[in-house]
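Student: Could you take me through one part of this model in detail? I would like to start with the sheet and then move on to the charged side chains.

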Amino acid sequence: QYNADARLMAEFEQSGKSGKFFNYSKSVSHAPNTLSTEEEMTAYLSKIQRGSLVQAFGCMLAVEEPSLKIIGHSENCFDMLGLKSVVEPKKLMGLIGVDARTLFTSSSRASLDKAVASREISFLNPIWVHSCTTHKPFYAILHRIDVGIVIDLEPARACDPAMLHASAVQSQKLAVRAISRLQSLPGGDVGVLCDTVVEDVQKLTGYDRVMVYKFHEDNHGEVVSEIRRSDLEPYLGLHYPSTDIPQAARFLFMQNRVRMICDCRAKPVKIIQSKELKQPLCLVNST
């Protein structure tokens, strides 16, 4: 499966360079049985796990421990954090080596220090921080990687933290209600369980579509349960080839089970990183 995935990725990348149209269906049906080269496999895994791109709805900082000096950041940090008056955006390496705490208010710095000192850094997520220049609020989601800490920053609503607490309490009540409903279901009926899960997740999130996608033994997938907006095309009962969700992507789903795409049409943002790093930053657990 990895070989087929890597071959498709290589063909897709080549089509972009040559300007030729990439026909996914044709590529899958005519995929060669030969093994991928080591270069193709390495490029494939790196593209999936270390793609050097982030979504545009937030920004990202990567810092080393324990100094919290920046070793990488997304290009949109200048705009989102209001840093144009501090660092010239044209100097893309301008943030490399800067103490990340200096980009935030004093109370935010204390919160970041507390999180970094924690053994299980993710337990404190999200952290409420403010830009030192614009005082705009952000949710900071931290996790450790092989070379330091990644700080994903998502814009937050500038409202009273007490209101945020009330919203969190309401969300917790909905979650408790959903869990109680699941626990009350009779055992042995996976279909009923799946139908209940998609209904409760839809109530909690308000998503237009929620599905349960089952992987069969031959790695192809099937939509076995679904709840959707009435005007959307149904996917229930449809089967998809194993290459639709590559093995490397399935690994990402197991590592980070919550991954949101804010706008599938938005242009991704490039990451700038220190030249001293031997490979692109790992983004497996990023939001």
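Student: In what order do the seven strands of the open sheet come, and is the pairing parallel or antiparallel?

Tutor: Happy to! First, a word on the ground rules: this is a predicted model, in which local features need pLDDT of at least 70 and side-chain atom pairs count only at pLDDT 80 or more, while totals for chains, interfaces and linings use all residues. Residues are numbered from 1 along each chain as its sequence is written, and side-chain values use heavy atoms, with hydrogens and water left out.

Now to your sheet. The seven strands run in the order β1-β10-β3-β2-β6-β5-β4, the sheet is open, and the pairing is antiparallel. Strands here are DSSP runs of E with at least two residues, helices are runs of H or I with at least four, and both are numbered from the N terminus; two strands pair if DSSP finds at least two bridges between them. At the edges stand β1 (53-54) and β4 (127-130), each with a single partner strand, so one side of each has no neighbour in the sheet. For a look at one pairing, take β2 (residues 59-63) and β3 (residues 70-74), which are joined in the antiparallel sense over three bridges. There, L61 stands opposite H73 in β3.

Helix α5 (residues 106-117) packs on this sheet, touching β4, β5 (137-145) and β6 (148-155); contact means heavy atoms within 4.5 Å. The direction of α5 makes about 145° with that of β4, with axes fitted to C-alpha atoms, for helices over the stretch in contact, and angles running from 0 to 180 degrees between N-to-C directions.

On to the charged side chains. A salt bridge is a side-chain nitrogen of Lys or Arg within 4 Å of a carboxyl oxygen of Asp or Glu, and by this rule the count comes to nine. One of them joins R181 and E199 at 2.9 Å, N to O. R181 lies in helix α6 (residues 161-183) and E199 in helix α7 (residues 190-205), so this pair ties together parts that are 18 residues apart in sequence. R181 also meets D200 in a salt bridge, at 2.8 Å. Because D200 lies in helix α7 and R181 in helix α6, this pair links parts 19 residues apart in sequence.

How accessible are these partners? With buried meaning under 20% relative accessible area, exposed over 50% and partly exposed in between (1.4 Å probe, protein chains only), D200 is buried at 7%. R181 is partly exposed at 32%, and E199 is partly exposed at 30%.
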